[in-house]
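Student: I would like to work through a structure by question and answer, taking the terms as they come up. Please show it first.

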Amino acid sequence: MTGVPGLDVAGLTTWLTAAHPDLVAGPVTAEVIAGGRSNLTYAVDGGRMPLILRRPPLGHVLSSAHDMRREHRVISALADTAVPVPRAIDVVDDTEPAIVTGTVFFVMERAPGRVLARRAQNADYTAAGLRRLGLDLARHLADLHAVDPAEVGLADFGRPDGYLARQLSTWRRQLDASRSRETPQLDALQASLADGIPRTIRSGIVHGDYRLDNALVVGGGDEPRISAILDWEMATLGDPFVDVGMLGMYWDIAALPGGEGVVPSAVDPAAGYPGFDELVEAYAERAGIRVPDLRWYRAFAAYKLAVILEGIHYRFQAGDTVGDGFDRMGALVEPLAQAGLDTTRTHGVR
């Protein structure tokens, strides 16, 4: 590989010239704009439009966990719906011969906007603008869940029946594979979730990691808007309230002791963002449904993130992580698990 890690830029120019000559204006350049534990994302410039290339992480093991075709498929399927997504361009098996990445990769148009991940970024918007942005995020989620998978070619995209039980089993296996210490609160939360799996009352397309910093925002002042929802690598068919619970967990993550230091968030009620209850109301109104008790879903979201962080702690202890901040992630596991337990024990709270 030449150029940037995981991507041969000269090979990318060659491939684009052959496969999509209408997009090429000369040699292209590329730089990593996100990467690490998730799929690697590159900004590609020099063509007739700004592009994004996505590929699995370097040294990935489980191809199913970083399925480029799956992510490309769901973005393509949603192109003509009310859900804002980037325009998909191509997906390529670049393994034999390896020209660009040596992996399956996909290319999409680079949607305009920026990710809001830190409170300092809120200074560019009014309180009214941030309130509108938060409510729109919830409305876009309702739009996603209203899409009929069969009508957009995604009828076989997942198995809705038994989805919640399978999810819990999957994350239990992840935890068992990452054990390096005692985690009594996390184990207690796992048991509590297993004892109270709710009945699924509707099924649909699930994003899997729906939160503010997986969206691109354009505009400023009173009128920010979401131009695209990103990071569809965990999308499937299942219980859509898992997305609502995940949104709530990340929306309130800064309130958890040490949470903002591990999982940065721009959400700040003092700046104008609505509370999560208001997001649920906006979601319910847009969807035209009554939202059920969300305690299990919010607790499951805490469990899922705690298991992810425990896995990172495990790899940090083994010396298998590179970069800053990994040493702090293990400290959030038990507080997250306790927050999940508190949610399951709180009555009358969504």
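Tutor: On a 1 Å grid over the protein atoms alone, a cavity is a set of points where a 1.4 Å probe fits but cannot get out, whereas a pocket is an open set with protein on both sides within 12 Å along at least five of seven lines; lining residues have an atom within 4 Å of a point. The model is predicted, and for that reason local features need pLDDT of at least 70 and side-chain atom pairs count only at pLDDT 80 or more, while totals for chains, interfaces and linings use all residues. Residues are numbered from 1 along each chain as its sequence is written, and side-chain values use heavy atoms, with hydrogens and water left out.

Student: What pLDDT does the protein chain average?

Tutor: The term pLDDT stands for the predictor's confidence in each residue, from 0 to 100. A score of at least 70 is reached by 91% of the residues, and the chain average is 89.

Student: Which helix gives the most to the lining of the second largest cavity?

Tutor: Helices (H or I, at least four residues) and strands (E, at least two) are DSSP runs, numbered from the N terminus. The lining includes Ala 138, Val 244, Phe 276 and Tyr 283, and α3, α6 and α8 (276-287) each supply at least two of its residues. With 4 residues, the one that gives the most is α8.

Student: How many residues of that lining in the second largest cavity are nonpolar?

Tutor: Ala, Val, Leu, Ile, Met, Phe, Trp, Tyr, Cys and Pro count as nonpolar, Asp, Glu, Lys and Arg as charged, and the others, Gly among them, as polar. The lining has no polar and no charged residues, and the nonpolar ones number 8.

Student: What volume does the largest cavity have?

Tutor: Grid points are joined across faces, edges and corners, and a volume is the space filled by probe spheres set on the points. The largest cavity is lined by 13 residues, and among those nearest its centre are Arg 211, Asp 213 and Tyr 250; by class, the lining divides into 10 nonpolar, 1 polar and 2 charged residues. Its volume is about 90 Å³.

Student: Which helix gives the most to the lining of the second largest pocket?

Tutor: This pocket has a volume of about 300 Å³, and of its 16 lining residues, Asp 252, Leu 256, Arg 298, Ala 339 and Thr 343 lie nearest its centre. At least two lining residues come from each of α6 (241-251), α9 (295-317) and α11 (333-345). The most, 7 residues, are given by α11.

Student: Why does Asp 143 count as buried?

Tutor: Asp 143 has its place in helix α3 (residues 127-146), and, not counting residues up to four places away in sequence, it touches Ala 82, Val 83 and Arg 286. Buried means under 20% relative accessible area, exposed over 50%, and partly exposed in between (1.4 Å probe, protein chains only). Asp 143 counts as buried because its relative accessibility is 13%.

Student: Is Asp 231, with its positive phi, buried or partly exposed?

Tutor: Asp 231 lies in the loop between β10 (225-229) and β11 (236-238), and its phi is near 60°, a positive value in a residue other than glycine. Its relative accessibility is 26%, and therefore Asp 231 counts as partly exposed.

Student: In β5, what is the bridge partner of Leu 40?

Tutor: Two strands pair if DSSP finds at least two bridges between them, and here 5 bridges join β4 to the antiparallel strand β5 (residues 51-55). Strand β4 (residues 40-45) is mostly covered, with 5 of its 6 residues buried, and in the hairpin of β4 and β5, Gly 46 takes a positive phi near 105°. The partner of Leu 40 in β5 is Arg 55.

Student: How far apart in space are Pro 56 and Phe 105?

Tutor: Pro 56 lies in the loop between β5 and α2 (68-77) and counts as buried because its relative accessibility is 4%. Pro 56 and Phe 105 are 49 residues apart in sequence, and their C-alpha to C-alpha distance is 7.5 Å.

Methods: Contact = heavy atoms within 4.5 Å.
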